[in-house]
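Reader: I have a structure open here and would like to go through it with you, a topic at a time. Could you start with the pockets and then move on to the strands?

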Amino acid sequence: MRTVGSAKRTTAKLASSVMCTLLLILLTTAGAAAQNVLAKIPIPASSATGQVAVSRVLNRVYVSAGFSSGGTLTVIDGKTLTVLTTISNGNGVNVDVKNDNFWTGNFTGGQVLTYSGSTNTQISANTVGFCPGETAFDGLHRRFWVGAQCGAGNDPIFVFNADTFALIAGPIETGGTMGPIIVNPINGKLYVESGGVSKEVDPNTFAVTPTGFGTVLAVDSHKSKVFATSGNNLQIINAANDSVGKTVPLSYTPGSQIGVNNALRHIYLLNPAANKIEVRGIFREVQGPLVATWPLGAGNTPQGIVADSVRGRVYVVVNNSGSYSVWAIEDLTSARQWGWGIGNGGGE
């Protein structure tokens with residue numbers, strides 16, 4: 001016959017066993033990867049050096065050439081994670097989230113091209129001369145900005161009506177060799193790196209002036225922030241007044257693109273020297289703390305990135321000894337952190 005003391009000892013042993021099992025599960029879970037590589041999609045080298053964009057409605061990814069002749073634009077189906085088509089003479093890319101059109105340039109052809117996102121067929125061509133190859137979309141003011149090279153050291157910007165495709169202004173001289181362009185989501189001004197200097201273009205007068213901070217690579221419309229890099233620093237800038245609110249020192253020189261996920265409240269920085277992606281938080285006061293580091297493995301150098309905030313994915317252009325692919329990565333980082341989703345479901 002079992003005594004009360006024996007029953008208590010048995011209960012204690014069971015509780016201890018359960019706790020050990022739970023601890024083992026938690027330790028196993030904590031050690032699991034914070035990202036899940038869904039696919040590695042091969043793309044031509046001619047589509048791998050420029051902008052990367054995503055249509056969250058059509059669930060498609062666009063990967064383009066940079067400022068280079070013979071460039072192409074590859075369209076990837078986000079559902080099947082396979083290449084739908086590769087378009088010749090596509091330099092730079094961005095998506096009109098209202099009309100589902102995507103815009104690009106054909107560089108030495110001197111044209112700005114608009115394609116239907118539903119059919120991947122060309123619906124407009126604007127001849128501007130020069131060598132267009134960088135794009136930026138202003139959804140608030142329904143504008144497309146296009147940057148071009150071949151300006152003899154004074155490369156121009158052009159502005160188009162996103163609905164009628166009509167030219168609004170340009171060529172707007174920037175005083176140097178064209179680099180990345182990004183639209184401020186609050187006031188519609190354009191940030192451009194020209195001649196290695198960060199500048200801004202007034203959306204009304206189209207005057208070009210220096211910004212005083214680093215190269216702008218991304219924006220967060222939810223918190224009205226702009227993200228720039230300056231040397232080995234990440235700068236978090238107030239989009240309303242262009243003041244640098246936070247400078248985050250980095251242990252590396254970041255790549256030329258930043259991905260933003262407004263739902264998870266993450267930004268993604270490229271660390272090409274170490275073959276890694278760095279995930280930083282933009283929740284609450286948007287201070288950019290380190291959340292996670294994703295190693296891509298030896299020889300896998302990241303050089304382009306875009307985030308799909310609807311599906312919690314990141315698409316990374318990876319170079320492995322001249323062979324290029326787009327990695328579709330599911331971001332599971334915040335799913336393992338208690339309290340991250342407090343508030344509106346967006347990490348706040």
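**Pocket, sheet and backbone**

Author: This is a predicted model, and its largest pocket has a volume of about 1,200 Å³.

Reader: How many residues line the largest pocket, and which lie nearest its centre?

Author: The lining of the largest pocket is made up of 47 residues, and those nearest the centre are Asn 94, Ile 182, Leu 217, Ala 218 and Val 219.

Reader: Which strands each supply at least two residues of that lining?

Author: Strands E2 (52-55), E6 (91-95), E10 (131-138), E14 (178-183), E18 (215-220), E22 (258-261) and E26 (301-308) each supply at least two residues of the lining. The largest share comes from E10, with six residues.

Reader: And by class, what does the lining of the largest pocket have?

Author: The lining has 26 nonpolar residues, 17 polar ones and four charged ones.

Reader: Let's stay with E10, then. What sheet does E10 belong to?

Author: E10 is part of an open sheet of four strands, in the order E10-E11-E12-E13, with antiparallel pairing. E10 and E13 (167-173) stand at the edges with a single partner strand each, so one side of each has no neighbour in the sheet. On average, and ignoring direction, neighbouring strands of this sheet are turned by 20 degrees against each other.

Reader: Over how many bridges do E10 and E11 pair?

Author: E10 and E11 pair over seven bridges, in the antiparallel sense, and within E11 the residue opposite Asp 138 is Arg 143.

Reader: Changing topic: how many disulfides does the count come to, and which cysteines are joined?

Author: The count comes to one disulfide, which joins Cys 131 to Cys 150 with an S to S distance of 1.9 Å. Cys 131 is in strand E10, whereas Cys 150 is in the loop between strand E11 (143-149) and strand E12 (156-161), so the pair, 19 residues apart, links distant parts of the chain. With -90 degrees about the S-S bond, the link is left-handed.

Reader: Are those two cysteines buried or exposed?

Author: Cys 131 counts as buried because its relative accessibility is 5%, under the 20% cut-off. Cys 150 counts as partly exposed, with a relative accessibility of 46%.

Reader: Is E15 mostly covered or uncovered?

Author: Strand E15 (residues 190-194) is mostly covered, since four of its five residues are buried.

Reader: What about the turns of those hairpins, and which residues take a positive phi there?

Author: The hairpin of E14 and E15 has six residues between the strands, and Gly 188 takes a positive phi near 80 degrees there. The hairpin of E15 and E16 has two residues between its strands, with a positive phi of about 65 degrees at Gly 195 in the turn.

Reader: Those are glycines; which residues have a positive phi although they are not glycines?

Author: Phe 165 is one of them, with a positive phi of about 70 degrees, and Arg 284 is another, with a positive phi of about 50 degrees. As background, most residues other than glycine have a negative phi.

Reader: One more backbone point: which peptide bond is cis?

Author: The bond from Gly 170 to Pro 171 is cis, with omega near 10 degrees, and Pro 171 is in strand E13.

Reader: Last one, on Val 316: where does Val 316 lie, and how far apart in space are Val 316 and Ala 328?

Author: Val 316 lies in strand E27 (residues 313-320) and is buried, with a relative accessible area of 0%. Val 316 and Ala 328 are 6.7 Å apart, C-alpha to C-alpha, and 12 residues apart in sequence.

Methods:
Residues numbered from 1 in each chain as written. Predicted model: local features only at pLDDT ≥ 70, side-chain atom pairs only at ≥ 80, totals over all residues. Heavy atoms only, no water. 1 Å grid on protein atoms, 1.4 Å probe; cavity = no way out; pocket = protein on both sides within 12 Å on 5 of 7 lines; lining within 4 Å. Points joined across faces, edges and corners; volume = space filled by probe spheres on them. Nonpolar A, V, L, I, M, F, W, Y, C, P; charged D, E, K, R; others polar. Disulfide = S-S within 2.5 Å. Buried < 20%, exposed > 50% of the residue type's maximum accessible area, 1.4 Å probe, protein only. Pairing = 2+ DSSP bridges. Axes fitted to C-alpha atoms, helices over the stretch in contact; angles between N-to-C directions.
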